[in-house]
Every structure is written in C-alpha cells, then in structure tokens.
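Hi everyone, thanks for making time today. Have a look at the sequence and the model on the screen, and then I'll walk you through a few spots.

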Amino acid sequence: MLAVTILLLTYFQGWYNSPLGGMPIIMFALVVLVFCTWEGEHMGIQLPNINSQAFKQSLENGKTILFIDIEQQQELTINKMMVSHPSLKPEGMTTTTTTPEWLIRQQKNYKVY
C-alpha cells in the first residue's frame, strides 16, 4: 500500500518529469514494497497458527498435536491406526476446508527433479 502511495504521489505531483525521469521513484517504491513485505512476514510469523487455537490447552500441557488432512474415505485407516496405538487420543476435528483436495492431489503428483 505504501509503495502504491509513493507511485501515485509521484504521478500526481509530476515528479516523473524530472531530469532523471521516474526510474529513481519506481526503484524506491520497489525497495519499500520489498521491505514492507519482509517486515510483514516477520510480524505475521510471531502470531500463533489459527488452527492451533482450539488445542491451546493441550499444547500448554506439553502434548504433541498432529494435524492430518484426510479425505472422508481415509478416516477408517486413521481409526485403525489409533486402535493399534492406544496412546493416541483424538483432540478434536474440524470440518472447515483447510487445503483444497485438488491441491493435495497436485502435491502428490509433483516430482522433484
């Protein structure tokens, strides 16, 4: 937003008509954009994951939470795994869409060269 403001201010004030042209202003706006993106990342990484809010108490008690994205037909496999490992306990489920199925399929098909 700040970079766009710089570019608009340059346009409306006519600063691009200077002997150097508008290139220094464009470069400055690019540097501001990169800096603001970098700084925003550092601010956002300090916030807890929105998916972990429901499990805050368990995390504070030192438990390990394993998030599993599964399709409906894979639920039986997870239930069988939980029966064979009695120390595993379900902490909760969410029915909200987290990752689209088409993206998960593409990730499975992607091969690293």
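A word on the ground rules before that. This is a predicted model, so please keep in mind that local features need pLDDT of at least 70, side-chain atom pairs count only at pLDDT 80 or more, and totals for chains, interfaces and linings use all residues. Residues are numbered from 1 along each chain as its sequence is written, and side-chain values use heavy atoms, with hydrogens and water left out.

Let's begin with the rings. How many aromatic pairs does the structure hold? There are two aromatic pairs. For the term itself, rings of Phe, Tyr and Trp (its six-membered ring) pair if their centres lie within 6.5 Å; planes under 30 degrees apart are called stacked, over 60 edge-to-face, and the rest tilted. Tyr-11 and Phe-12 have ring centres 5.3 Å apart and planes at 70 degrees, so this pair is edge-to-face. Are these two buried or exposed? Tyr-11 is exposed, at 51% relative accessible area, and Phe-12 is exposed as well, at 64%. The cut-offs here are under 20% relative accessible area for buried, over 50% for exposed, and partly exposed in between, with a 1.4 Å probe and protein chains only.

The other pair is Phe-35 with Trp-38: their ring centres are 5.9 Å apart and the planes sit at 45 degrees, so we call it tilted. Both residues belong to helix H2, residues 23–44, and they are three residues apart, about one turn of the helix. Helices, by the way, are DSSP runs (H or I, at least four residues), numbered from the N terminus. Phe-35 is partly exposed at 47%, and Trp-38 is partly exposed too, at 45%.

Leu-7, Met-23, Ile-26, Met-27, Leu-30, Leu-33 and Val-34 make a nonpolar surface patch of about 640 Å². Patches are built from residues with over 30% relative accessible area and no salt bridge, joining like charges within 9 Å and nonpolar side chains (Val, Leu, Ile, Met, Phe, Trp, Tyr) within 5 Å. A salt bridge, in turn, is a side-chain nitrogen of Lys or Arg within 4 Å of a carboxyl oxygen of Asp or Glu. Accessible areas come from the Shrake-Rupley method with a 1.4 Å probe, and for residues only the protein chains shown count as cover.

Which helix gives the largest share of that patch? H2 does, with six residues. Leu-30 and Ile-6 are 24 residues apart in sequence, with 9.9 Å between their C-alpha atoms. Leu-7, also in the patch, lies in helix H1, residues 2–13, and is partly exposed at 40%.

H1 also holds Thr-10, which is buried at 5% relative accessible area. What does the side chain of Thr-10 reach? The answer is the backbone oxygen of Ile-6, at 2.8 Å. That is a polar contact, meaning a pair of N or O atoms within 3.5 Å; within protein, one must be able to donate a hydrogen and the other to accept it, and residues adjacent in sequence count only if both atoms are side-chain atoms. Not counting residues up to four places away in sequence, Thr-10 touches Trp-15, Tyr-16 and Ile-25, where contact means heavy atoms within 4.5 Å.

Leaving aside neighbours within four places in sequence, Ser-58 is in contact with Lys-63, Ile-65 and Glu-91.

Glu-75 belongs to helix H4, residues 75–84, and is partly exposed at 27%. Again not counting residues up to four places away, Glu-75 touches Ile-70 and Met-93. Between the C-alpha atoms of Glu-75 and Gly-62, 13 residues apart along the chain, there are 26 Å.

Finally, the loops. Gln-53 is in the loop between H2 and H3, partly exposed at 41%, and its C-alpha atom is 51 Å from that of Gly-21, 32 residues away along the chain. Asn-61 is in the loop between H3 and H4 and is exposed at 54%.

That's my tour, and I'm happy to take questions.

Key. Helices (H or I, at least four residues) and strands (E, at least two) are DSSP runs, numbered from the N terminus.
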